[in-house]
Amino acid sequence: MLVHVPQVLSPEQVAHVRGVLADTNWVDGKVTAGAQSAGAKHNLQVPEDAPAARALGDIILSALGRNPLFNAAALPLRVFPPLFNRYDAGMEFGAHIDNSIRFVKPSIASGAPIRVRTDMSATLFLTDPDDYDGGELVIEDTYGSHGVKLPAGDMLLYSATSRHHVTKVTRGSRWSSFFWVQSMIRDEAARTTLFEMDTAIQGLRSRHGDESEIVSLTGLYHNLVRRWADV
Ligand code: NI
């Protein structure tokens, strides 16, 4: 599943996030890579426990909490504290699949480390496509490769089981936030079914209001969530 979530952040929020990041200390992106992906990863990141990263991450988390499309598509149980990366000219990230389990550092989680099973990956774009060349996020699935470049403030949500890469930036600098979601619905097919059902019900409700059958369908949706969700 590939879902484009538009305008997670407003232009003002994007400007604020970029302003804070501009004054931040960036380190080699290999710090959060697994053994295989470390060899393929050439970018810069803000350390995950940097106070600036946490403050900006909280802005993103509260925006996600209010976003109906994100919540319908991901049915989130846990969201990894958002990280921030940057690809300057010449930087890229070769093909890889994200680690299956991520640990939130105890210094961030205030106590025991929290484990997040990465069901979905998210990239929130912070640079407008006109401001850089290359830097496409390419996701491979059974239908082939999908190259994605979204306006600043928009987010791509995709299955963390998919192989993906970021092509080399040839002009400018591509900034983004990235993180993972553990869904209440572990099974990807079930999660996709629920999202499609939810979308269809919302469409029916907007045209017909709460007719009896729509109330029944809504109840069925919730009964399936109840049956399949781990919380
Ligand atoms: Ni990745």
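**Close-up views of a predicted model**

**View 1. Strand S12 meets strand S15.** Strand S12 (residues 137-141) pairs with S15 in the antiparallel sense, over 3 bridges. Leucine 137 stands opposite valine 166 in S15. This is a predicted model. The pair belongs to an open sheet of 5 strands, in the order S3-S7-S15-S12-S13. The pairing in this sheet is antiparallel. Strand S3 (41-42) and strand S13 (144-148) stand at the edges. Each has a single partner strand, so one side of each is left without a neighbour in the sheet.

View 2. Three residues coordinate the nickel ion at 2.1 Å: His96 (NE2), Asp98 (OD) and His164 (NE2). Along the chain, the donors follow the spacing H-x1-D-x65-H. Aspartate 98 sits in the loop between strand S7 (92-96) and strand S8 (101-104), while histidine 164 is in strand S15 (residues 164-166). These two are 66 residues apart, so distant parts of the chain are linked. Both aspartate 98 and histidine 164 are buried.

**View 3. A salt bridge between glutamate 92 and lysine 168.** The structure holds 7 salt bridges. In one of them, the side chains of glutamate 92 and lysine 168 meet at 4.0 Å, N to O. Glutamate 92 lies in strand S7, and lysine 168 in the loop between S15 and strand S16 (171-172). The pair therefore ties together parts that are 76 residues apart in sequence. Glutamate 92 is partly exposed, at 29% relative accessible area. Lysine 168 is also partly exposed, at 40%.

**View 4. A salt bridge between glutamate 140 and arginine 163.** The closest N and O atoms of glutamate 140 and arginine 163 are 3.0 Å apart. Glutamate 140 is in strand S12, and arginine 163 is in the loop between strand S14 (155-159) and S15. The two are 23 residues apart. Glutamate 140 is partly exposed, with a relative accessible area of 24%. Arginine 163 counts as partly exposed at 44%.

**View 5. Helix H6 from end to end.** Helix H6 (residues 188-208) has 21 residues. At 1.5 Å a residue, they should span 30 Å, and the end C-alpha atoms are 30 Å apart, which agrees. At the start of H6, a side-chain oxygen of aspartate 187 reaches to within 3.3 Å of the backbone nitrogen of alanine 189. Just after H6, glycine 209 takes a positive phi of about 70 degrees. Among the buried residues of H6 are Leu194, Phe195 and Ile201. The buried residues pack against several elements, including strand S1 (2-5), helix H4 (68-74) and helix H7 (212-228).

Notes: Residues numbered from 1 in each chain as written. Predicted model: local features only at pLDDT ≥ 70, side-chain atom pairs only at ≥ 80, totals over all residues. Heavy atoms only, no water. Donors = N, O, S within 2.8 Å, 3.2 Å for Na, K, Ca; no water. Helix = DSSP H or I, 4+ residues; strand = E, 2+ residues; numbered from the N terminus. Buried < 20%, exposed > 50% of the residue type's maximum accessible area, 1.4 Å probe, protein only. Expected span 1.5 Å × (residues − 1). Contact = heavy atoms within 4.5 Å. Polar contact = N/O pair within 3.5 Å; in protein donor to acceptor, adjacent residues only side chain to side chain. Pairing = 2+ DSSP bridges.
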